[in-house]
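The following paragraphs lead the reader through one protein chain, beginning with a single residue and widening to the whole. Please keep the structure in view while reading.

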Amino acid sequence: MTDIVQNFDRAAEGYEYHAAPQAALAATLATWVPLEERHGLAIEFGAGTGLFTQRISPWEGPYLATDAAPHMVATGLQRCPQVAWKQHDARDAKILGPADWIFACNLLQWLENPEAVLSDWRNTLKPGGHLVLAVLLPETLCELREVLPEAQTLNWRKAEEWQEILERTGFSIVRAETWKHIQIYPSALDFLRAVHDLGLAPQRLAGPGRLRAALRQYDRDFAITGGVRSTWQAWLAGAVAI
């Protein structure tokens with residue numbers, strides 16, 4: 001498994017306890033699929049513990065939730081047993097099809113070559129099939145990167161770049177929006193522990209002295225009523241295969 005998959009795999013059991021921003025994103029994205037359209041053959045890539053899966057249910061027809069991390073799949077099956085689950089790498093779309101729907105909430109930003117993945121997803125969908133996705137944007141965790149630049153773990157892409165990638169890979173975008181969420185944590189230390197327990201932070205960000213200094217700066221610079229803030233931003237898109 002890659003490092004990020006291993007991080008998420010270790011985080012599976014307690015993931016949802018810390019995943020308020022991810023849950024809010026999943027809930028928002030699920031509203032993009034009207035109840036009367038929730039049918040057909042659907043594949044969800046990067047389903048994790050089922051935050052989106054639970055919110056898109058009930059679904060009429062085959063629904064396959066997948067994730068590369070085996071403990072995420074096991075946890076998702078416990079929480080959302082009404083759909084089929086399988087450990088599977090999203091970079092290999094040859095799993096089921098042709099599909100009417102593909103869902104990916106909070107996944108593509110972690111992949112090294114999302115354009116190739118989206119091309120494969122396009123070929124897995126029926127002509128006119130639907131893709132509904134959410135990807136994290138550069139403003140996500142901007143406070144942490146300001147106080148601790150070495151925490152940079154992603155090659156962040158802007159919304160315009162994601163739009164261009166979708167269009168190049170054979171999708172027509174029918175809806176797109178930017179989503180923003182401010183999460184409050186009691187302190188910078190609580191925030192960092194949550195991020196670590198979500199599988200989003202490397203095992204060792206910095207030396208102890210450097211880390212303590214960064215946390216003091218975070219507490220000082222990003223204080224808000226109730227604690228400190230953390231910004232999460234995503235680009236949501238609904239598209240059809242052409």
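Is Trp59 buried or exposed, and what is its relative accessible area? Trp59 is buried, since its relative accessible area is 13%; buried means under 20% relative accessible area, exposed over 50%, and partly exposed in between, with a 1.4 Å probe and protein chains only. The model is predicted, so local features need pLDDT of at least 70 and side-chain atom pairs count only at pLDDT 80 or more, while totals for chains, interfaces and linings use all residues. Residues are numbered from 1 along each chain as its sequence is written, and side-chain values use heavy atoms, with hydrogens and water left out.

A pair of aromatic rings is described by the distance of the centres and the angle of the planes. Rings of Phe, Tyr and Trp (its six-membered ring) pair if their centres lie within 6.5 Å; planes under 30 degrees apart count as stacked, over 60 as edge-to-face and the rest as tilted. By this rule there are 12 aromatic pairs. In one of them, the ring centres of Trp59 and Tyr63 are 5.6 Å apart and the planes stand at 70°, so this pair is edge-to-face. Tyr63, like Trp59, is buried.

Trp59 also forms an edge-to-face pair with Trp101, at 5.9 Å centre to centre and 90° between the planes. Because Trp59 lies in the loop between helix H4 (51-56) and E2 while Trp101 lies in strand E4 (residues 99-105), this pair ties together parts 42 residues apart in sequence. Helices (H or I, at least four residues) and strands (E, at least two) are DSSP runs, numbered from the N terminus. Trp101 is itself buried, at a relative accessible area of 5%. Ring pairs join Phe52, Trp59, Tyr63, Trp101 and Phe103 in a cluster.

Strand E2 (residues 63-67) also contains Thr66. Thr66 counts as buried because its relative accessibility is 0%. Leaving aside residues up to four places away in sequence, Thr66 touches Glu44, Phe45, Gly46, Ala47, Lys86, His88 and Ile95, where contact means heavy atoms within 4.5 Å.

The view now widens to the whole chain. Its secondary structure comprises 10 helices and 8 strands. Of its 242 residues, 54% count as buried. Among contacts with a separation of 6 or more, 74% come from residues 24 or more positions apart. Along its principal axes, the C-alpha trace spans about 55 × 35 × 35 Å.
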